[in-house]
Amino acid sequence: MQQEKFKPGISMNPAAQETDGTDADTEKMEFTKEQTANQMRMHEEDFLQGLIDAACYTAEERKVIEIARKDPSTGESRVYFRFTIRPLAEEEYDRCKKKHTKYVRNKSIGVKMPEDTNAVKYRDALIYQATVEEDRAKLWDNKKAWEVMRDKGLQIMNGLDVIEYSLKVGEKDAVIDEIDKLSGYGSNLEEVVKN
């Protein structure tokens with residue numbers, strides 16, 4: 001029997017499920033409340049370790065991004081630079097969006113309302129935030145690089161500006177797609193409801 005390839009996401013043991021919705025390797029048993037509680041206590045450490053491992057995803061998952069383009073002088077593909085990204089938590093996505101959204105006060109109800117999000121800065125902020133600290137310091141926050149870029153007439157005020165000038169629009173799309181994948185967007189989620 002060929003083993004199925006592991007796919008990240010949420011599932012209820014899809015490999016073991018038969019077409020009628022029952023598990024092939026599972027015997028159906030009825031437990032009393034006390035037996036159920038004992039089962040939970042026996043496996044509590046496994047549950048807790050799984051919960052802790054799942055919560056630490058932003059510290060452990062990484063992906064190296066290489067920015068490669070065709071060299072105009074030689075016509076060959078050349079890696080210009082590389083950096084490592086990590087997944088973002090939902091709060092980090094939200095913080096980046098809020099920081100680059102213009103708000104106006106609705107005078108009739110007295111509440112600040114979002115008017116417009118600067119999509120360019122928002123995308124740059126996601127890439128900046130997802131870049132691991134050591135690469136952020138070497139690339140985006142590198143003061144020497146800022147000075148050289150300023151000497152070439154580019155307006156560099158911070159790391160987001162370096163991202164803006166260094167990455168093409170399509171490259172930004174590809175990097176953000178990878179950040180989203182690492183962060184769990186687009187995962188194959190399966191929900192199995194048993195009655």
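1. Salt bridges. A salt bridge here is a side-chain nitrogen of Lys or Arg within 4 Å of a carboxyl oxygen of Asp or Glu. The side chains of Arg-150 and Glu-147 meet that criterion, at 2.7 Å from N to O. Both residues lie in helix α7, three residues apart, about one turn of the helix. Salt bridges that share partners also join Lys-63, Glu-178 and Lys-181 into one network. Over the whole structure, the search finds 16 salt bridges.

2. Model and conventions. This is a predicted model, in which local features need pLDDT of at least 70, side-chain atom pairs count only at pLDDT 80 or more, and totals for chains, interfaces and linings use all residues. Residues are numbered from 1 along each chain as its sequence is written, and side-chain values use heavy atoms, with hydrogens and water left out.

3. Overall make-up. The protein chain has nine helices and six strands. These are DSSP runs, numbered from the N terminus: helices are H or I with at least four residues, strands are E with at least two. The accessible surface of the chain comes to about 15000 Å², and 52% of that belongs to carbon and sulfur atoms. Areas come from the Shrake-Rupley method with a 1.4 Å probe; for residues, only the protein chains shown count as cover.

4. Burial and contacts. Of the 195 residues in the protein chain, 24% are buried. Buried means under 20% relative accessible area, exposed over 50%, and partly exposed in between (1.4 Å probe, protein chains only). Take contacts between residues at least 6 apart in sequence: 54% of them join residues at least 24 apart. Contact means heavy atoms within 4.5 Å.

5. The core. The largest nonpolar core has 25 residues. Such a core is a set of buried Ala, Val, Leu, Ile, Met, Phe, Trp, Tyr and Cys residues joined through side-chain atoms within 4.5 Å. Phe-83, Ile-85, Ile-127, Trp-140 and Ile-179 have the most contacts inside it. Elements that each supply at least two core residues include β2 (63-70), β3 (77-85), α5 (119-130) and α9 (169-182). The largest share, five residues, comes from α5.

6. Ile-85 and Glu-178. Beyond its neighbours within four places in sequence, Ile-85 is in contact with residues including Lys-63, Ile-65, Val-132, Glu-178 and Ile-179. Glu-178 sits in helix α9. Is Glu-178 buried or exposed? Glu-178 counts as buried because its relative accessible area is 19%. Not counting residues up to four places away in sequence, Glu-178 touches Lys-63, Ile-65 and Ile-85.

7. Side chains of opposite charge can pair when their charged atoms come close. Arg-86 pairs with Glu-92, the closest N and O atoms being 2.5 Å apart. Arg-86 and Glu-92 are both buried. Arg-78 and Asp-71 also form a salt bridge, at 3.8 Å from N to O. Here Asp-71 is buried at 13%, whereas Arg-78 is partly exposed at 39%.

8. Surface patch. Val-104, Ile-109, Val-111 and Met-113 make a nonpolar surface patch of about 310 Å². Patches take residues with over 30% relative accessible area and no salt bridge; like charges are joined within 9 Å, and nonpolar side chains (Val, Leu, Ile, Met, Phe, Trp, Tyr) within 5 Å. Val-104 lies in strand β4 (residues 101-106). Its relative accessibility is 33%, so Val-104 counts as partly exposed.
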